[in-house]
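Here is a short note for a colleague who is new to this structure. Please read the points with the model open.

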Amino acid sequence: MSLNAFISYLSLEKNYSRHTVNAYKNDILGFSSFCSSEYQIKTIDAVDYTIIRSWIVALVNKKVSNRTINRKIASLKAYYKFLQKSGVRATNPLVKHKALKTQKKIEVPFSEQEMEKVLQQIPFEQDFEGVRDKLLIELLYATGMRRAELVNLTLEGVSLNRASLKVLGKRNKERIIPVLPITIEAIKKYLQFRSDLPSIQDNTFLFLTKSGHKIYETLVYRVINKYLSMVSFKIKKSPHILRHTFATHLLNKGADLNAVKELLGHSSLASTQVYTHNSIAELKKVHHNAHPRNKD
């Protein structure tokens, strides 16, 4: 019952997405299964840190990555914090736990040249899917929105007159994103093809499949991977890398970090600062080329 209450808390009070809630649930059920099989413990509500540590050791022995283990422990820590707030237990057994060390995840953005190639040189088909696919890439790069935000973008959220989009971000937070004139023209072109679809099943949403249904996240990933593979040899080609590229290119051109934070929909500046390492490299280059003391 405690787990059901926790899941309801995450869904209804914290407004976490279904995907996030399922991740928490699976992590906690994994620990519960371990406790049952290894210690014959029926409920995990009262376990101490010794048992949790033995689970961590078991995961390490199974070659589970430190990053994944840290995520599982974070789920468990949130669960015990909930139990503590609910009065089910007096303390959180993970309050003094230190996360395992992980290698810094390096995400390489696409270059301006690569983005220019994919949007200007690739001959997209001049049919519904070709025009839609190009707009998917254009919008992700031009706005920095998340994949889920793109999938759930509504027709009502598109303001051609004001050149802006209203998106629903994490925890149901709305934000307005300005749109470039060239992107507005791309949206208008897509809308013409969209209106010619023989059947529209999900008219609320901007992006549809050719059968008239709302697009899905896997489709967006396939589109990005397909077309960016034509112009880039980078290993990772995903919607998130386009978001990363958007932020990096803005910062490289001198955009204010707080402004980029607002555009991305981050709740804290720390989340945005992960994109600045590429900008530092660009600043070094500018400094090296422009400073009078440089004799090279």
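1. First, a term. Buried means under 20% relative accessible area, exposed means over 50%, and partly exposed lies in between (1.4 Å probe, protein chains only).

2. This is a predicted model: local features need pLDDT of at least 70, side-chain atom pairs count only at pLDDT 80 or more, and totals for chains, interfaces and linings use all residues. Residues are numbered from 1 along each chain as its sequence is written, and side-chain values use heavy atoms, with hydrogens and water left out.

3. The protein chain has 13 helices and three strands. These are DSSP runs numbered from the N terminus: helices are H or I with at least four residues, strands are E with at least two. The C-alpha atoms fill a box of roughly 65 × 60 × 35 Å along the principal axes.

4. Of the 296 residues in the protein chain, 40% are buried. Take contacts (heavy atoms within 4.5 Å) between residues at least 6 apart in sequence: 58% of them join residues at least 24 apart.

5. Most residues other than glycine have a negative phi. Asparagine 15 has a positive phi, near 55 degrees. Asparagine 15 sits in the loop between helix H1 (2-13) and helix H2 (18-39). Its relative accessible area is 32%, so asparagine 15 is partly exposed.

6. Alanine 163 is not a glycine, yet its phi is positive at about 55 degrees. The loop between strand E1 (158-159) and strand E2 (164-168) holds alanine 163. Alanine 163 counts as partly exposed because its relative accessibility is 23%.
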